[in-house]
Amino acid sequence: MDWSYTEEQQEIRQLARKILEDLATHERLREIESSETGIDAELYAELGRSNLLGVAIEETFGGSEMGFLSLCVLLQEIGRTVAPVPIVASLGLGGLAISEFGSDAQKQRWLPGLTRGEVILTAGLIEAGSDDPARPRTAARRDGDGWRLDGCKICVPAAHLAERILVPARVSDTELGVFLLDPSASGVELQPQLTTNRERHSQVELANAWVDGDDLLGDLSLGTAISRWIADRATIAYCMLQLGVSERALEMTAEYAGSRQQFGRPIGSFQAVHIRAGDAYIDVEAMRLTALHAAWRLHESLPDDGSVAIAKFWAADGGHRVGYACQHLHGGIGIDVDYPLHRYYLWAKQLELTLGSAAVALTRLGEEMAREPAA
C-alpha cells in the first residue's frame, strides 16, 4: 500500500501542528495539569473552530467526512504535543460510533456540537477483571419505555465533563446493548480516578441507573458488533497517540544528544548512544507501519486480520522501550518536571497499558490465529 498521506491529510497535519504547537506550550500544559478539569477547553474549542474535530464525521452534521485515517493523522499530532484534549474520548470512543450506528435523531442531537468543540462524549469499555468490551459484566434490563443498568466501568476518560457515556451492557446470554448514558441520571455515580499521565478518568458506578428508551445505539442484535467496532477504533486511536508521543520524544532526545557535551564531545557521538537511539528509531517505525496498516484497514472497513492486535502490541511494547530509552539518554533532566520530556514518559506508560498491555494483545492475536489458522 501507499504509506504517504493525501494532500488533504497533509493539510490536516499542518493545521493541527500549528495550532497545537502554538497553544499546547509547556507553560500552558503545567497550568492545565493543576486545574480542576485537567482538560484544555480553549484548545479543544479552537480545534472545533478549525473544523478538525469533524474530519471523520458526516458533512450533514458539520464534518468533512474524510474518514478514520484522517482522524488518525490528527491524533498523531495530539500525541506529539501531549495536549490535554478529549479527542480520543469524544471521537474514538463516542462520536464515530454515533455517526456509524446512531439514529438520525441521535446524530442530530450530538454530532453538530461535537464537531464544533461544544460537546464531549466518551465510552466505558473497561471493567475490573474483564478486558473484553464485548463481554461486559454490566447488565441492562427493560423498565417500561427505558432501561435500568447495574455494574461498574473503570478508567472512563473525560466522564466528568461528558454529555453522554457509551456503555456496553449485557441484556441476556445472547444480546448486548450499547447505551447512551447520561452521567447526571439517577443511579449514576462518578468516582474520580487520576491516571499516570495526570488525565482525569472516572469510575462509573451504576446502580439501577436510568437510560431512556431512545438512548440505545443501534439495536440489541448489533450490540456485540458495535462494541467490538468501538474497541478496535479506540485501540488504534490510542496507538496513533502513542506514535506521536514516541516520535516527538525521540526527536527531543536527538536534539539533546547533539548539544549535550561530555568529555569535550556531544554525547550523540558515542557508540552506546547511537545504539540505544537506533533501537528506539526502529521501534518508532514499527509502531508507525503497524498502526497505519490497521488504521487503513479500519478506514476501508476490511475484515479483521489481526492487524489491530499487532498494532497494539507494537504501541505497547515499542512505546515502553522508546519511553525508557529517551529518558535514559537524557539522564537526570529526563525526569525533571520543569523539562517537557517527563510528560512524554508518563504518557507512553499510560498508553502502553490502556485497553490492554502488550501481553494481552499477543494473547488476543494467538486466540485469533488458533481460531482461523492460515491456509
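Is Cys326 buried or exposed? Cys326 is buried, at 2% relative accessibility. Buried means under 20% relative accessible area, exposed means over 50%, and partly exposed lies in between, with a 1.4 Å probe and protein chains only.

**Before you start**

This is a predicted model: local features need pLDDT of at least 70, side-chain atom pairs count only at pLDDT 80 or more, and totals for chains, interfaces and linings use all residues. Numbering runs from 1 along each chain as its sequence is written, and side-chain values use heavy atoms, without hydrogens or water.

**Select the whole chain**

Colour by secondary structure. The chain has 11 helices and 10 strands. These are DSSP runs numbered from the N terminus: helices are H or I with at least four residues, strands are E with at least two. The radius of gyration is 21 Å, close to the 21 Å of the globule rule for 375 residues, so the chain is as compact as a globular protein of that length. That radius is taken over C-alpha atoms, and the rule is 2.2 Å times the number of residues to the power 0.38. Along the principal axes, the C-alpha atoms fill a box of roughly 80 × 50 × 40 Å.

Now colour by burial. Of the 375 residues, 54% count as buried. Contacts come next, meaning heavy atoms within 4.5 Å. Among those between residues at least 6 apart in sequence, 73% join residues at least 24 apart.

**Select the cysteines**

How many disulfides does the structure hold? The count is zero. A disulfide here is a pair of cysteine sulfur atoms within 2.5 Å. Go to Cys155: it is in no disulfide, and the nearest cysteine sulfur, that of Cys152, is 9.7 Å away. Cys155 is partly exposed, at 33% relative accessibility.

Return to Cys326. Its closest cysteine sulfur is in Cys239, 18 Å away and therefore too far for a bond.

**Select Ser202**

Ser202 sits in strand E7, residues 200–211. Is Ser202 buried or exposed? Ser202 is buried, with a relative accessible area of 3%. Show its neighbours. Leaving out residues up to four places away in sequence, Ser202 touches several residues, including Lys153, Ile154, Cys155 and Val156. Ala159, His160, Leu190, Gln191 and Gln193 are also among the residues it touches. So the partly exposed Cys155 comes back into view as a contact of the buried Ser202.

Last, draw a C-alpha distance from Ser202 to Gly144. The two are 58 residues apart in sequence and 29 Å apart in space.
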